[in-house]
Amino acid sequence: MTPLIYKTLYSTMAFYRITSVLILFLAYMLISAGCKATTERLFDPSDSKSESKNTLVGFLLLDETERNDLAIAVSYVSLQPLSGENVKIDEIVELNPSLDIYRGSYIKTSFHYFEEEKESYISFSNHPKKSIFNPNKLDGDKEYLIRELNWTRACGDKCRINMSSMLNPFKSANTLKIKGKPGEIVFLGIFTIKTNQISGTSSFTIEFNRISDNSEFYQRRIDPVQEKIIFDPQFGKNQKSAEIQFLRSILEMQKSGFWYEKAKENLKILTR
């Protein structure tokens, strides 16, 4: 070959090597970007007016089923928390049980992402999807209720059942009318749902219950792993203990800001 041909071949090979390296680099960047962790945070109030109007509420909603452990011949309560993505909330527009009138407006979850310094994404939202304590930033002067539930029930190591239920708005509001306090964080309590299959069908009825402070629920044997998530071991099984865990979840979620400081203040009062 002449020097010109050698030079042309060398240039072509060098071009393909550089192109290959660039393709590998871009592929690595895309894969790395796809593997970035995503965390959720609540929007803080935008100004002093919003601070005096917004409220942050939270509650525990637990799918309660009985499980039998044949190895030790006892049963225990299995509590599967329903997180924000399972719970659809309506703003109450009109609620009149005596006239059988209900009008509501579904709260839509809005969020956006941005890249954090530590190469992770943060989803900002008024209604985070993943927290078991269902934190919701709402208008402190309005009332809300749970209208619909959609969740996957764990029924064994390899068993999952898709569950869906529209709640009667009058019964839902009677059990849990969601209302906070302007400028404050409010924990609304612990609630359970139980399902009862209608004989001869695949349909079921649903019980939606509030757990009161003196409920026998706290005396029952709960799956130890679930118990540590729901309650603070230092304070036992009670609503105060669950509220402490809720406030700690807000601190962990927010890192700083208006709701962080409010949660810190409330937690200090509860634990002193």
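Among contacts in the protein chain (heavy atoms within 4.5 Å) between residues at least 6 apart in sequence, 63% join residues at least 24 apart. The model is a predicted one, in which local features need pLDDT of at least 70 and side-chain atom pairs count only at pLDDT 80 or more, while totals for chains, interfaces and linings use all residues. Residues are numbered from 1 along each chain as its sequence is written, and side-chain values use heavy atoms, with hydrogens and water left out.

The secondary structure of the protein chain comes to six helices and twelve strands, taken as DSSP runs numbered from the N terminus, with helices being H or I of at least four residues and strands E of at least two. Of its 272 residues, 40% count as buried, where buried means under 20% relative accessible area, exposed over 50% and partly exposed in between, with a 1.4 Å probe and protein chains only.

In soluble globular proteins, nonpolar side chains tend to be buried together. Leaving aside neighbours within four places in sequence, Leu-60 is in contact with residues including Ile-132, Phe-187, Ile-190 and Ala-242.

Ser-165 is buried, with a relative accessible area of 9%. Ile-206 in strand 12 is in turn the bridge partner of Thr-195, and strand 11 (residues 185–197) runs antiparallel to strand 12 (residues 204–210), with seven bridges joining them; two strands pair if DSSP finds at least two bridges between them. These two strands form a hairpin with six residues between them, and Gly-200 in the turn has a positive phi of about 80°.

Asp-100, with a phi of about 55°, is found in the loop between strand 4 (87–96) and strand 5 (101–106) and is exposed, with a relative accessible area of 59%. Lys-255, with a phi of about 75°, lies in the loop between helix 5 (239–254) and helix 6 (258–271).
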